[in-house]
Amino acid sequence: MDRLKIATVWLGGCSGCHMSLLDLDEWLFELAKVADVVYGPLVDTKEYPAAVDVCLVEGAVANTEHVELMHQIRQRTRVLVAFGDCAVTGNVTALRNPLGSAAPVLERAYLDPANLRPALPHEPGVVPPLLDRVLPLQEAVPVDFFLPGCPPPADRIKAFLQELLAGKAPHLTGANLRFG
Amino acid sequence: MAAKVFTIDGQEISATEGQSVLEAAHEAGIRIPTLCHLEGVMDVGACRLCLVEIAGSNKLVPACTTQVADGMVVATTSERLQRYRRLLLELLFAERNHVCAVCVSNGHCELQSLAMHLGMDHVSFPYTFPKLEVDLTHRLFGMDHNRCVLCGRCVRVCWYVEGAATKNFSGRGASSRIISDLNQPWGESRTCTACGKCVHACPTGALFEKGTTVGEMQKDRGKLEYIVTAREKKQWIV
Ligand code: SF4
Ligand code: SF4
Ligand code: SF4
Ligand code: FES
């Protein structure tokens, strides 16, 4: 069998889901026997490769760069997984949504506490503008599977990946479906 | 009291007259999901999660407010029911702001565990992200409207167990809110006895004791059961 191409991506999230992935400890060696990690914060690749088998997406869609990247990823990926609560529900990243726009949080972070030259970050082409409404992944692109948890515990990630590797559609139940 | 014999999920069970389908099912060890039902106070059929099918009728009825009848044939797990329950649950999550990871009730919440047991891995409706208040004016308790599912359990215990009648509903539909007295800050209520029954009746993180942080708010339903049993059966549970 061909080796599986796995990618991970880090959008609007705290990287906790990626930390939990590393918590798989020695099982990562098992994974490495059958799959290559071809893209993500743990790999030094700039361009998202073509024909990726599985992509785990951590975080919510929070800025314009995330939107573009996700459209590209969706086109180049067979199985797209919303990885963790921020991707599945918006979670903490979407706490600002009831405020109606990105302006109140930007002002709170960059203007209210600043003593010297208060200014909002504005670097077109370098700093992507925030969306007014943070989106759970499935509101931006079609998603194949959902892996909830903040973060999903390593055991849950393992149960999920094992089913995928066995060629089955992962079906989490009971405690493995707990949000938070 | 006359005994009633009826069938539920193919199992024949007997119940006493006046019992609800929900009570009879639970006594027979058949679990029907519930949210607005609370042991000890009357049922109102608000959440519709306990919907069941009754043979001969196309209408779905709440098990908690339907009385058993002789020869009734009840189904609790059909595909249609599962689909509707999941839909209802998703709508509850989409209607307010539920962020389990930072909620006082994380790990001890009836809504969160319903999602788990009914297999809700995501919400397929767009979230509404309403802007809602948190009332922290009460000396001991807080009310977070972001987490309220409008089950009315707080209202019922406040009226019918405590007899204070502080908690109430205002508004209609999605703009319904739980209020204190005449829609004033809870801390200014002149009827609230600060008994805490509403807090412990609440299935979610909407009502909590001040000073609790993420995952620390565990509700004690035992206290309510103690009071209700004492009043109705004149028995003091030890
Ligand atoms: S009330 Fe329950 S479902 Fe809502 S955020 Fe809190 S723990 Fe989650
Ligand atoms: S603390 Fe007691 S009296 Fe006050 S609102 Fe809650 S149930 Fe009613
Ligand atoms: S505050 Fe709690 S008990 Fe009262 S209606 Fe809301 S969820 Fe139900
Ligand atoms: S438990 Fe029956 S309608 Fe809520």
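A salt bridge is taken here as a side-chain nitrogen of Lys or Arg within 4 Å of a carboxyl oxygen of Asp or Glu. By this criterion, R86(B), E90(B) and D121(B) are linked in a network of salt bridges. The structure is a predicted model, in which local features need pLDDT of at least 70 and side-chain atom pairs count only at pLDDT 80 or more, while totals for chains, interfaces and linings use all residues. Residues are numbered from 1 along each chain as its sequence is written, chains are lettered from A and ligands numbered from 1 in the order in which they are written, and side-chain values use heavy atoms, with hydrogens and water left out.

Over all chains, the whole structure holds 15 salt bridges. Side chains of opposite charge can pair when their charged atoms come close. Helices (H or I, at least four residues) and strands (E, at least two) are DSSP runs, numbered from the N terminus. E90(B) is buried, its relative accessible area being 3%, whereas R86(B) is partly exposed at 21%. Buried denotes under 20% relative accessible area, exposed over 50%, and partly exposed the range in between, with a 1.4 Å probe and protein chains only.

Helix 2 of chain B (residues 79-95) also contains R80(B), whereas E53(B) lies in strand 3 (residues 51-54) of that chain. A salt bridge joins the side chains of E53(B) and R80(B), with N and O 3.0 Å apart. The pair so ties together parts that are 27 residues apart in sequence. E53(B) is buried, with 17% relative accessibility; R80(B) is partly exposed, with 25%.

In chain A, a salt bridge is formed between R76(A) and E47(A), whose closest N and O atoms are 3.6 Å apart. This pair links distant parts of the chain, 29 residues apart: R76(A) belongs to helix 3 (residues 64-76), and E47(A) to the loop between strand 2 and strand 3. R76(A) is partly exposed, at 26% relative accessibility.

The contact between the chains was examined next. Contact, defined as heavy atoms within 4.5 Å, takes 23 residues from chain A and 20 residues from chain B. The area buried between the two chains is about 1800 Å², and carbon and sulfur atoms give 69% of it. Buried area is the accessible area (1.4 Å probe) that two parts lose on being put together, summed over both. The count of salt bridges between chain A and chain B is zero, and that of residue pairs in polar contact, both at pLDDT 80 or more, is five. On the side of chain A that touches chain B, helix 4 (85-89), strand 6 (130-135) and helix 6 (137-140) each supply at least two residues. This side has 14 nonpolar, six polar and three charged residues. A polar contact is a pair of N or O atoms within 3.5 Å; within protein, one must be able to donate a hydrogen and the other to accept it, and residues adjacent in sequence count only if both atoms are side-chain atoms. For the classes, Ala, Val, Leu, Ile, Met, Phe, Trp, Tyr, Cys and Pro count as nonpolar, Asp, Glu, Lys and Arg as charged, and the others, Gly among them, as polar.

Residues near each ligand are those with a heavy atom within 4 Å of it. Ligand 1 is surrounded by 13 residues, with H98(B), C100(B), C103(B), C109(B) and G205(B) the closest; its shell has six nonpolar, six polar and one charged residues. Around ligand 2 there are also 13 residues, the closest being C158(B), C192(B), C195(B), G196(B) and C198(B), and the shell divides into eight nonpolar, three polar and two charged. Ligand 3 has 14 residues around it, of which C148(B), C151(B), G152(B), C154(B) and C202(B) come nearest; eleven are nonpolar, two polar and one charged.

Most residues other than glycine have a negative phi, and most peptide bonds are trans. A cis peptide bond, with omega about -10°, joins C150(A) and P151(A). P151(A) is found in the loop between strand 7 (145-147) and helix 7 (154-165) of chain A. A51(A) has a positive phi, near 55°, and is exposed, at 55% relative accessibility.
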